[in-house]
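Dear colleague,

Please find the structure below, handed over for your records.

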Amino acid sequence: MRSALEQLLLPAECLLCHALLAERDTTRIVCPVCRHRWRPVRPPWCERCGQPEPHFGPCRLCAEWPAALTLVRSAVWLSDGAREAVHALKYGGLPRIADDLATAIATLSLPTDEASVLVPIPLAPKRLRQRGYNQSDVLAASLGRLWRLPVSRDLLTRTRETATQTTLTPESRLATLAEAARALEQAGARTIYGVTFGRAVIPDFT
């Protein structure tokens, strides 16, 4: 219902550049040109956490991660309109843009199998009421359709309110993912992969 209402009220133009969308793209919110501008995160990187090199000694970002969290990858850099797309999903009331973000994430190659499930990071109840939906849940649903994987929404529960991700450093955002993985590991998960749409550059001088 919400998606249908958005399509009725929103003009068929790109959210980022405001160019009119071709008929084949009217279900999208970001045009192909703007999606093409999103810069993929490429190696060389830390084989575990995906943070680009150079690294001097052990990677400081993933050294303390739970053992089950074996691989984390991000699709694009948070630049060239990618950050604005994320904000539209999280704060702009545009859950349909998750399809555009999921298309970028789906280009990542992860060793999934028939036992794999997608687990979105939950929102605290107060923030869920404010936004009306969990952006991670919406994104997982879109990605699940592309990867043909089920989404398990009841494996994680957020027990306390935390600062919004926009106020956190990139390291803290990855720490949030690691904490979710730690909870899954304690529940019996043995192999966990993390995927995110965007990544900010974190210089590694240690």
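Eight salt bridges are present in this predicted model. Side chains of opposite charge can pair when their charged atoms come close.

Arg35 pairs with Asp100, with 3.4 Å between the closest N and O atoms. Asp100 is buried, at a relative accessible area of 1%.

The closest N and O atoms of Arg145 and Asp99 are 3.4 Å apart. Arg145 is exposed, at 56% relative accessibility, whereas Asp99 is partly exposed, at 31%.

Within helix H7 (residues 170-186), Glu179 and Arg182 are three residues apart, about one helical turn. Their closest N and O atoms are 2.5 Å apart in a salt bridge. Glu179 is partly exposed at 48% relative accessibility, and Arg182 is partly exposed at 23%. Elsewhere, salt bridges with shared partners join Arg28, Arg35 and Asp100 into one network.

As for the cysteines, the whole structure contains zero disulfides. The cysteine sulfur closest to that of Cys31 belongs to Cys34 and is 3.7 Å away, which is too far for a bond. Cys46 is likewise in no disulfide, the nearest cysteine sulfur being that of Cys62, at 3.7 Å. Cys31 is buried, at 6% relative accessible area, and Cys46 is buried, at 10%.

Yours sincerely

Conventions: Residues numbered from 1 in each chain as written. Predicted model: local features only at pLDDT ≥ 70, side-chain atom pairs only at ≥ 80, totals over all residues. Heavy atoms only, no water. Disulfide = S-S within 2.5 Å. Buried < 20%, exposed > 50% of the residue type's maximum accessible area, 1.4 Å probe, protein only. Salt bridge = Lys/Arg side-chain N within 4 Å of Asp/Glu carboxyl O. Helix = DSSP H or I, 4+ residues; strand = E, 2+ residues; numbered from the N terminus.
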